Amino acid sequence: AVPVTPLLAFLAGGHAGAIARIWPAPHEDFLALPAARRHASAILAGRADHAPAQVQWLAARARDGALAASLYGGEAPGGLMKALARMGEVLWAAEEYARFLRLFGEEEARLLIRHMKALDAGTLARMDALPAPLRLPGVLTHLGADEMAIADLAAAWAFAVRVRGEAAAPAIAQRFGRAPSKAGLFEMARQEIQPQDFGAVRPCPDLPAPFYPVRRYDTLSKTAHDFRNCLRDFVADLASGRMAVYVWRGEGGPAAVALRQDPGGWRLAE
């Protein structure tokens, strides 16, 4: 263990020990570095391929371009050091730096990060939870810190692309980006996951024995009575052809089986 001053412990958190081994207490040379170079030092200090003397030299003497290149192990995207300067005074956790570097390596996310006045790890985590095409200023503004809404929109995006096809993904993302509000954004999502064409009702599956179809109201009533369940509540769906009920009388049975038709076909409902 190496001595760590209270100030370094506060600013560096989990990086304090590694920083103290490179800049021993009272750590003046590290604390005097600009914020961007302190963040860069924390990233490099956690890597086994960078010796302490090398980290110290890069942080204190290397040009911005050379320091940025060392963070990426090669050519770095432009504006990296300016982005690090907007991360605040307190160092981030290692996984938060890893997320930042990954996002900054993506063109769309990088454009968004460059326009942020201040960077915080929570904002980038929420950005990362969205599919790449939805990392748009308007979408992020409407969603804010609502993690459940972010998860719902990501799920809706996956459904929309499945319904519309991959070729429609850019246009869907553009529409989401133009949403006037959070409610408007989810109204757009609701519209996108609906099929454009109304198809005819498909005939219900013809299942072999030991499945026995229930196709009459009196048979349905008897089945509901025998199983003591709510099958009679689905009369309207059964009459419209959107639902089908069978009694399975195989080994371990009997069991009532309800299928429901949705845009993807017939699926097990209950």
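Colleague: Where in the protein chain is confidence lowest, and where is it highest?

Modeller: The lowest is in α16, with a mean of 84, and the highest is in helix α8 (residues 94-104), at 96. Those values are pLDDT, the predictor's confidence in each residue, from 0 to 100. Helices (H or I, at least four residues) and strands (E, at least two) are DSSP runs, numbered from the N terminus.

Colleague: What does the protein chain average?

Modeller: A pLDDT of 90, and 97% of the residues score at least 70. This is a predicted model, where local features need pLDDT of at least 70 and side-chain atom pairs count only at pLDDT 80 or more, while totals for chains, interfaces and linings use all residues. Residues are numbered from 1 along each chain as its sequence is written, and side-chain values use heavy atoms, with hydrogens and water left out.

Colleague: Switching to cysteines. How many disulfides are there?

Modeller: The count is 0 disulfides, a disulfide being a pair of cysteine sulfur atoms within 2.5 Å.

Colleague: Now the backbone. Which peptide bond at Pro 26 is cis?

Modeller: The one from Ala 25 to Pro 26, with omega near 10 degrees. Pro 26 sits in the loop between α2 (16-22) and α3 (28-31).

Colleague: And what about Pro 254?

Modeller: A cis bond joins Gly 253 to Pro 254, with omega about 5 degrees. Pro 254 lies in the loop between β2 (243-248) and β3 (255-262).

Colleague: Why flag those, or a positive phi?

Modeller: Because most peptide bonds are trans, and most residues other than glycine have a negative phi.

Colleague: What is the phi of His 27, then?

Modeller: Positive, about 65 degrees, although His 27 is not a glycine. His 27 is in the loop between α2 and α3 and is buried, at 0% relative accessible area.

Colleague: And Arg 228, buried or exposed?

Modeller: Exposed, at 79% relative accessibility. Arg 228 has a positive phi of about 55 degrees and is in the loop between α15 (217-227) and α16 (235-240).

Definitions and conventions
Buried < 20%, exposed > 50% of the residue type's maximum accessible area, 1.4 Å probe, protein only.
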